[in-house]
Amino acid sequence: MHAIEFRDVDFSYGEGGFRISKLNLDVEEGEFVAILGHNGSGKSTFARLANGILVPDRGTIRIFGVPLSDKTLYEIRKQVGVVFQNPDNQTVASIVEDDVAFGAENIGTPREEIGRRIDFALGAVGMQAYRHATVQRLSGGQKQRVAVAGVLALKPRVMILDESTAMLDPRGRKEIMDVVLRLNREEKMTVVLITHFVEEAMQADRAFVMNRGELVMQGTPREIFSDGERLLTFNLALPRISVICQALNEGGMSVTDTLDFNILADEIAKELVCGS
Ligand SMILES: Nc1ncnc2c1ncn2[C@@H]1O[C@H](COP(=O)(O)OP(=O)(O)OP(=O)(O)O)[C@@H](O)[C@H]1O
Ligand SMILES: [Mg+2]
């Protein structure tokens with residue numbers, strides 16, 4: 001089943017402004033999809049359309065087969081959770097557990113269920129020990145994990161992370177990526193990761209590239225990153241490992257274009273032995 005389905009979706013912010021025309025895409029249930037794209041390519045607009053914050057001018061958006069409309073919006077919002085970029089803008093309460101509970105309380109989750117949801121969500125992001133802590137005292141990575149927990153407490157079937165790691169240092173980014181990967185692999189949560197960091201997209205099942213409101217590339221990360229020249233035309237860089245593979249090949253070694261550092265290390269070792 002498609003978790004998210006866009007069919008011929010048109011959207012514009014107004015006459016002469018940014019527009020998306022005839023956007024068609026599918027995200028499968030249980031899939032981990034990365035969306036890459038230069039500034040202003042329409043990634044956040046996609047996220048806002050997918051959970052009904054914005055309404056298309058034409059076309060249909062279905063979430064698990066149900067068309068988004070005024071009537072279904074409330075139910076669909078429960079299924080599609082979005083984590084945004086800046087954790088400070090997402091904090092609503094000063095104590096971690098209240099902050100995590102806020103969204104779930106808002107959608108009418110029964111009182112006795114809230115406690116369980118907080119346990120589950122804080123456990124999933126590894127923040128149980130901070131349940132009674134003050135949000136403002138946490139590090140950036142911890143705050144963002146609390147923001148992820150707040151969305152998890154809604155028990156959404158789909159989680160969209162819109163540049164949710166952009167403000168974090170490498171360690172904070174890894175914390176969030178680990179949580180997201182685990183939720184996808186173990187809880188079968190459908191994940192859409194919007195990111196500028198190509199290294200993060202390497203871990204996805206599939207990647208989409210957006211440019212000026214259009215979906216211009218889609219495929220496995222390997223497929224996407226094997227066309228470096230095309231990516232460059234969309235102002236996207238290659239992952240470090242692809243750059244290394246390219247440089248080695250140009251330098252006279254013959255290695256496979258891989259995204260796996262272990263494979264690359266083996267190949268270099270073989271080349272060094274055979275080539276000597
Ligand atoms: N509320 C709005 N009203 C008018 N134009 C908008 C609005 N929000 C975004 N835009 C414009 O729409 C275009 C796409 O914006 P969007 O936020 O979807 O891009 P993005 O790919 O998420 O970019 P970034 O990488 O900077 O987050 C941009 O040119 C932006 O200026
Ligand atoms: Mg954005």
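Reply:
**Helix packing around H3 and H5**

H3 crosses H5 in a right-handed sense (right-handed means that the near helix is turned clockwise from the far one by less than a right angle, left-handed that it is turned anticlockwise). Helices (H or I, at least four residues) and strands (E, at least two) are DSSP runs, numbered from the N terminus. The model is predicted: local features need pLDDT of at least 70 and side-chain atom pairs pLDDT 80 or more, whereas totals for chains, interfaces and linings use all residues. Residues are numbered from 1 along each chain as its sequence is written, while chains are lettered from A and ligands numbered from 1 in the order in which they are written.

The axes of H3 (residues 96-106) and H5 are 7 Å apart, at an angle of about 40°. An axis is a line fitted to C-alpha atoms, for helices over the stretch in contact, and angles run from 0 to 180 degrees between N-to-C directions. H3 and H5 are therefore oblique to each other (under 35 degrees counts as roughly parallel, over 145 as roughly antiparallel, 65 to 115 as roughly perpendicular, and the rest as oblique). On the H3 side, the contact is made by Val-96, Asp-99, Val-100, Phe-102 and Gly-103, and on the H5 side by Val-146, Ala-149, Gly-150 and Val-151; contact means C-beta atoms, placed from the backbone, within 7 Å. The contact of H3 with H5 has six nonpolar, two polar and one charged residues. Here Ala, Val, Leu, Ile, Met, Phe, Trp, Tyr, Cys and Pro count as nonpolar, Asp, Glu, Lys and Arg as charged, and the others, Gly among them, as polar.

H5 (residues 140-152) also packs with H6 (residues 170-186), at an angle of about 25° and with the axes 8 Å apart. That angle makes H5 roughly parallel to H6. This crossing is right-handed. Gly-140, Gly-141, Gln-144, Arg-145 and Val-148 of H5 meet Arg-171, Gly-172, Glu-175, Ile-176 and Val-179 of H6. By class, these are three nonpolar, four polar and three charged residues.

H3 has a further partner in H4 (residues 111-124): their axes come within 10 Å and cross at roughly 120°. H3 and H4 are therefore oblique to each other, and their crossing is right-handed. Glu-97, Val-100, Ala-101, Ala-104 and Glu-105 of H3 meet Ile-114, Arg-117, Ile-118, Ala-121 and Leu-122 of H4. The contact of H3 with H4 divides into seven nonpolar, no polar and three charged residues.

Elsewhere, an open antiparallel sheet has four strands in the order S2-S1-S4-S5 (strands pair if DSSP finds at least two bridges between them). Its edge strands, S2 (19-28) and S5 (66-67), each pair on one side only. S1 (residues 2-12) and S4 (residues 58-63) run antiparallel and are joined by five bridges, with Ile-4 partnered by Ile-63 in S4. Helix H1 (residues 43-50) lies across S1, S2 and S4, at about 115° to S1. H1 also gives the most to the shell around ligand 1, with three residues. The residues of that shell divide into two nonpolar, eight polar and two charged.

Note on methods. Two residues are in contact if their C-beta atoms, placed from the backbone, lie within 7 Å.
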